[in-house]
Amino acid sequence: MKKALFVVLSALMLGACVNVPQPPKLNIVLPVAGTNEMWNSASHKGSPVLVAVMASYCGWCKKSLAALETANAEFKDKGVEVVGIYVDNNAEAVKAIQKQYGLQTTILYQGGQTAQDLGVNGFPNILLFDKKHKLVKVWSGYSDRLADEYRQEIGKLLK
């Protein structure tokens with residue numbers, strides 16, 4: 001009996017020592033490229049948010065911009081916020097990408113710390129948050145199916 005009690009207590013103590021990773025929180029305040037405005041995720045409570053974390057030097061990020069633009073065009077009028085966050089500190093580099101690709105999506109920059117806070121470990125990294133800003137889906141890397149996958153997952157949130 002003592003051995004069984006010891007085993008149970010040991011397991012409970014060991015469980016208390018295990019660090020269970022928590023999903024990232026949507027807590028973003030960053031400058032909007034090409035403006036003097038700041039974008040604050042708290043202002044968008046009650047709206048799903050699709051966040052694409054990218055870098056200006058990332059070729060796969062550039063390929064994923066079309067899917068991001070498609071999501072923005074399809075869901076902006078349905079109350080979904082779509083934002084691209086560049087880890088770059090150089091506003092001019094980000095503005096050049098906006099211009100080159102004709103981006104209508106809200107583009108933020110200086111997102112290095114935000115990328116770390118969101119647990120991003122590569123580019124592009126896309127996170128979908130529900131209306132309560134709970135993380136529901138993460139995409140890592142590029143796929144030709146991104147636009148379809150965004151459409152499917154965002155559609156689930158809007159039902």
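Colleague: Of the contacts with a separation of 6 or more, what percentage comes from residues 24 or more positions apart?
Modeller: Bearing in mind that this is a predicted model, residues 24 or more positions apart account for 65% of those contacts in the protein.

Colleague: And how many helices and strands are there?
Modeller: The protein has five helices and seven strands, and along the sequence they follow the pattern α-β-β-β-α-β-α-β-α-β-β-α.

Colleague: What share of the residues is buried?
Modeller: Of the 159 residues in the protein, 43% are buried, while the accessible surface comes to about 9,400 Å², with 54% of that surface belonging to carbon and sulfur atoms.

Colleague: Which residues have the most contacts inside the largest nonpolar core?
Modeller: Those are Ile28, Leu50, Val51 and Tyr150, in a core of 46 residues. Among the elements that give two or more residues to this core are β3 (49-54), β6, β7 (135-140) and α5 (146-158).

Colleague: What does valine 51 touch, apart from its neighbours within four places in sequence?
Modeller: Valine 51 is in contact with a list of residues including Leu26, Ile28, Val83, Ile85 and Phe129, and Asn125 is also one of them.

Colleague: Let's look at asparagine 125 then; is it buried or exposed?
Modeller: Asparagine 125, which is found in strand β6 (residues 125-129), has a relative accessible area of 4%, so it is buried, the cut-off being under 20%.

Colleague: Which side chain does asparagine 125 join through a polar contact?
Modeller: The side chain of asparagine 125 is joined to that of serine 140 by a polar contact of 3.2 Å. Asparagine 125 also touches Trp139, among other residues.

Colleague: Changing topic, how many aromatic pairs are there?
Modeller: The count comes to three aromatic pairs. In one of them, tryptophan 60 and tyrosine 142, the ring centres are 5.6 Å apart and the planes are at 20 degrees, so the pair is stacked. Tryptophan 60 sits in helix α2 and tyrosine 142 in the loop between β7 and α5, 82 residues apart.

Colleague: How exposed are those two, tryptophan 60 and tyrosine 142?
Modeller: Tryptophan 60 counts as exposed at 52% relative accessibility, whereas tyrosine 142 is partly exposed at 27%.

Colleague: Why is the pair of tryptophan 139 and tyrosine 150 called edge-to-face?
Modeller: Because their planes are at 80 degrees, with the ring centres 5.0 Å apart. Tryptophan 139 lies in strand β7 and tyrosine 150 in helix α5, so the pair ties together parts that are eleven residues apart in sequence. Tryptophan 139 is buried at 6% relative accessible area, and tyrosine 150 counts as buried at 1%.

Note on methods
Residues numbered from 1 in each chain as written. Predicted model: local features only at pLDDT ≥ 70, side-chain atom pairs only at ≥ 80, totals over all residues. Heavy atoms only, no water. Helix = DSSP H or I, 4+ residues; strand = E, 2+ residues; numbered from the N terminus. Buried < 20%, exposed > 50% of the residue type's maximum accessible area, 1.4 Å probe, protein only. Polar contact = N/O pair within 3.5 Å; in protein donor to acceptor, adjacent residues only side chain to side chain. Contact = heavy atoms within 4.5 Å. Core = buried A, V, L, I, M, F, W, Y, C linked by side-chain atoms within 4.5 Å. Areas by Shrake-Rupley, 256 points an atom, 1.4 Å probe, with all protein chains shown as cover. Phe/Tyr/Trp six-rings, centres within 6.5 Å; stacked < 30°, edge-to-face > 60°.
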